[in-house]
Amino acid sequence: MTQPYRSQPPKAKASVVRYKAELRKAIRRNAAEPEVNFLNITAMLDIMTIILVFLLKTLGESSASIPQSDDLRMPVSNVKTQPADDGVVVTVSKSQILVGNDRVLSLPNRESMAQTGVGARYKRSGPNDMYIVPLGEALKSARRTDKLVRQAKGLDPSSSEAIIVADKTTPYRLLIEVLFTLGQSEYGKYHMMVVQGS
């Protein structure tokens, strides 16, 4: 016996256009983020260049980078602190006195400096005076510049700092005269540069 033919509801025909639209949506949904197959090091090189320039500038300006020679041998110390960064550098070698990189005075021989210092002709009022005129004039010029810098940085401009780089055989009299001249030129704080020993 045959079953009577029962008509089923017609299936909705999928159109080709609808199929392609669904396919495109599925592809977009499942699409992965594009991988970066290369490394862009341009930004990293820029940063490294800036750091290198900063380090070179810092080392170049450091007061600890003062070269020693036969004319200038600094004393050795066990101090573990870092050298001061701010202040005018006064160098007292065996043959000259410098403020920064400028020579302000040529020194006489050591024997005469032990008794009278740099000599009467460089003093303000005779051989017993402690003030060294050429050094004082250079320090006053540096003090004017340092005063403006300290005001710009928001620091106290009432006095400046000095870093003294002296040969380890500097006569005591000469060192006292340099310190006295610094005090007369409104330098209220001193740092003595030494070589860090063990």
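Five salt bridges are found when the whole structure, a predicted model, is searched.

| Salt bridge | Closest N and O atoms |
|---|---|
| D70 with R73 | 3.7 Å |
| K123 with E177 | 2.7 Å |
| R143 with E186 | 2.9 Å |

K123 forms its salt bridge with E177; because K123 lies in the loop between helix 3 (110-116) and helix 4 while E177 belongs to helix 5, this pair ties together parts that are 54 residues apart in sequence. K123 counts as buried at 6% relative accessibility, and E177 is likewise buried, with a relative accessible area of 0%. Both residues also take part, together with R173, in a network of salt bridges.

The partner of R143 is E186, and since R143 sits in helix 4 whereas E186 is placed in the loop between helix 5 and strand 6 (187-192), the pair ties together parts that are 43 residues apart in sequence. Here R143 is buried at 4%, but E186 is partly exposed at 43% relative accessible area. In the bridge between D70 and R73, D70 is exposed at 63% and R73 is partly exposed at 36%.

Helix 4 (residues 133-153) and helix 5 (residues 172-184) have axes that come within 9 Å and cross at roughly 40°, and they are therefore oblique to each other; the crossing is right-handed.

Elsewhere, L39, I41, M44, L45, I47, M48, I51, F54 and L55 make a nonpolar surface patch of about 940 Å². Of these residues, L39 is found in the loop between helix 1 (16-30) and helix 2 (42-61), and L39 is exposed, with a relative accessible area of 71%.

Definitions and conventions. Residues are numbered from 1 along each chain as its sequence is written. This is a predicted model: local features need pLDDT of at least 70, side-chain atom pairs count only at pLDDT 80 or more; totals for chains, interfaces and linings use all residues. Side-chain values use heavy atoms; hydrogens and water are left out. Patches are made of residues with over 30% relative accessible area and no salt bridge: like charges are joined within 9 Å, nonpolar side chains (Val, Leu, Ile, Met, Phe, Trp, Tyr) within 5 Å. Accessible areas come from the Shrake-Rupley method with a 1.4 Å probe; for residues, only the protein chains shown count as cover. A salt bridge is a side-chain nitrogen of Lys or Arg within 4 Å of a carboxyl oxygen of Asp or Glu. Helices (H or I, at least four residues) and strands (E, at least two) are DSSP runs, numbered from the N terminus. Buried means under 20% relative accessible area, exposed over 50%, partly exposed in between (1.4 Å probe, protein chains only). Axes are lines fitted to C-alpha atoms, for helices over the stretch in contact, and angles run from 0 to 180 degrees between N-to-C directions. Angles under 35 degrees count as roughly parallel, over 145 as roughly antiparallel, 65 to 115 as roughly perpendicular and the rest as oblique. A crossing is left-handed if the near helix is turned anticlockwise from the far one by less than a right angle, and right-handed if clockwise.
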